Amino acid sequence: MAAFSILIGMIISFSRRKFNLISVIIGMLAGLSVFCVRLYDPRGMNLILIAFNRKLIVTVAVIALISLAVTFLYSVSKNNFLRLVNFYVLSILTLSSLMYLFPPILQYTREFIYFGEAGISTNAMLRALGFTLGLCVCLLLTLSTYEVHRSLNTERQKNIFLLLSLMIFALEFSASSFAALQRLKILKTADSFMGISVFDVMIWRDANPNAFLFAQLGLALIMLLFVIYIHLKPEGTFPNKALLRKEKARLRDCRRWSWSLCAFGFIAVFIVIVLHYYDTKPPAEIQPEPYDIKDGIISIELTKVSDGHLHKFSYVTPGGYDVRFLVVKKPAGTAYGVGLDACEICGIAGYYERGDDEVVCRRCDVVMNKNTIGFKGGCNPVPFEYELRAGRIYIDVKELEKHEKRFR
């Protein structure tokens with residue numbers, strides 16, 4: 001959304017018509033409608049909406065290329081008819097892009113509360129706050145870009161920066177459309193264009209999700225530095241000091257908007273690099289703890305696992321499989337949860353402990369209810385037979401060997 005925010009700021013500045021704002025509103029309402037359809041009938045509409053989104057990606061790519069061509073022709077010819085066509089094409093691009101981008105943004109609102117969490121919690125409020133701040137950064141990027149682009153001295157300068165931004169946006173959606181067309185079975189992964197295969201484009205796009213954002217931000221940096229340079233001091237003569245002060249104030253405002261665009265661009269980079277790294281980096285692995293084993297029976301003292309934290313153990317079967325299992329004391333009463341470090345849904349991704357009281361799946365990030373560990377169903381550690389007596393947990397290794405193939 002941040003990359004599109006820079007483009008939309010230039011489009012509104014370039015067009016200077018209220019209809020562009022109307023196309024923004026219509027695009028957001030169209031995206032909201034798509035989101036509501038999925039929300040109302042998630043199973044029945046899922047495949048239909050997936051196909052629709054893929055077609056919409058291709059549509060946006062085509063409209064972006066048309067917008068690029070029309071904007072270029074208008075900048076060369078200055079024809080009034082082409083200016084009108086350009087205005088409507090850019091409005092359609094704005095509408096269709098928001099129709100595609102808005103539903104996944106709204107989807108995040110359904111992820112404020114994780115499974116097993118209370119409806120009102122600190123984590124849920126922090127997620128909602130982060131979501132709101134992310135939208136604010138995008139809105140401020142749009143506003144700053146609009147003001148900086150509007151501060152350019154000539155129509156030619158505005159055309160050049162808009163053309164470059166449109167080119168980056170068209171390349172972004174063109175790259176994404178290769179994957180969409182392949183999944184729509186219109187292209188094959190072996191198909192190639194100018195020596196580059198569809199598969200190579202798909203791999204590159206997945207490996208560089210922020211490449212086009214950085215390109216748009218780089219373009220914005222060049223634009224703001226140029227605006228600062230041409231607005232350093234007043235040029236020409238002024239009849240009186242009042243007009244000179246007015247001109248200095250205008251130049252100062254232009255420079256301030258430029259620095260604000262730089263600041264919000266830096267925040268966007270900080271979010272997608274630094275915060276994203278800390279949010280998605282794998283948690284530290286819990287090292288398996290020692291236990292006693294005699295005559296094929298594993299025994300674990302309850303005093304070692306009664307602190308309420310997650311404890312991991314490992315047993316290597318005769319077949320060479322490393323079967324991991326977990327033990328945790330449940331918050332309610334004196335019961336213990338015992339299960340494999342794997343589940344029926346996410347396989348052997350395993351679990352980790354977050355904070356003092358959360359057991360979380362490494363793959364789907366679902367928070368376990370500790371009281372349900374040891375029961376079947378959902379993203380829960382797969383239960384197995386064990387015995388609890390005389391202050392110890394006893395596990396027959398044959399029970400673990402039954403599940404060794406899960407840990408291939």
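The questions and answers below concern a predicted model.

Reader: How many disulfides does a search of the whole structure find?
Author: A disulfide is a covalent bond between the sulfur atoms of two cysteines. For C254, the closest cysteine sulfur belongs to C262 and lies 16 Å away, which is too far for a bond; the cut-off is 2.5 Å. Over the whole structure, the number of disulfides found is 0.

Reader: Is C361 buried or exposed?
Author: A residue counts as buried under 20% relative accessible area. The relative accessible area of C361 is 1%, so C361 is buried.

Reader: Which helix gives the largest share of the nonpolar patch?
Author: The patch lies on the surface and has about 930 Å² of accessible area together; its members include F214, F266 and Y278. Y278 is placed in helix α9, and its relative accessibility of 54% makes Y278 exposed. The largest share, 9 residues, comes from residues 241–280, that is, helix α9.

Reader: Which residue in β6 is the bridge partner of K312?
Author: Strand β5, residues 311–316, runs antiparallel to β6, and 6 bridges join the two. Strand β6 covers residues 322–329 and is mostly covered, with 6 of its 8 residues buried. The partner of K312 in this strand is L326.

Reader: Which residue in the turn between β6 and β7 has a positive phi?
Author: Strand β7, residues 336–340, is joined to β6 by 5 bridges in antiparallel fashion, and K329 stands opposite Y336. The two strands form a hairpin with 6 residues between them, and the residue in its turn with a positive phi of about 75° is G333.

Reader: Which residue takes a positive phi in the hairpin of β5 and β6?
Author: These two strands run antiparallel. Their hairpin has 5 residues between the strands, and the residue with a positive phi near 90° is G320.

Reader: Which strands are the edge strands of the open sheet of 3 strands?
Author: The order of this sheet is β8-β9-β10, with antiparallel pairing. An edge strand here pairs on one side only, as do β8 (351–354) and β10 (367–368). The edge strands are therefore β8 and β10.

Reader: What is the bridge partner of V359 in β10?
Author: Strand β9, residues 358–361, runs antiparallel to β10 and is joined to it by 2 bridges. Within this pairing, the partner of V359 is M368.

Conventions
Residues are numbered from 1 along each chain as its sequence is written. This is a predicted model: local features need pLDDT of at least 70, side-chain atom pairs count only at pLDDT 80 or more; totals for chains, interfaces and linings use all residues. Side-chain values use heavy atoms; hydrogens and water are left out. Buried means under 20% relative accessible area, exposed over 50%, partly exposed in between (1.4 Å probe, protein chains only). Patches are made of residues with over 30% relative accessible area and no salt bridge: like charges are joined within 9 Å, nonpolar side chains (Val, Leu, Ile, Met, Phe, Trp, Tyr) within 5 Å. Accessible areas come from the Shrake-Rupley method with a 1.4 Å probe; for residues, only the protein chains shown count as cover. A salt bridge is a side-chain nitrogen of Lys or Arg within 4 Å of a carboxyl oxygen of Asp or Glu. Helices (H or I, at least four residues) and strands (E, at least two) are DSSP runs, numbered from the N terminus.
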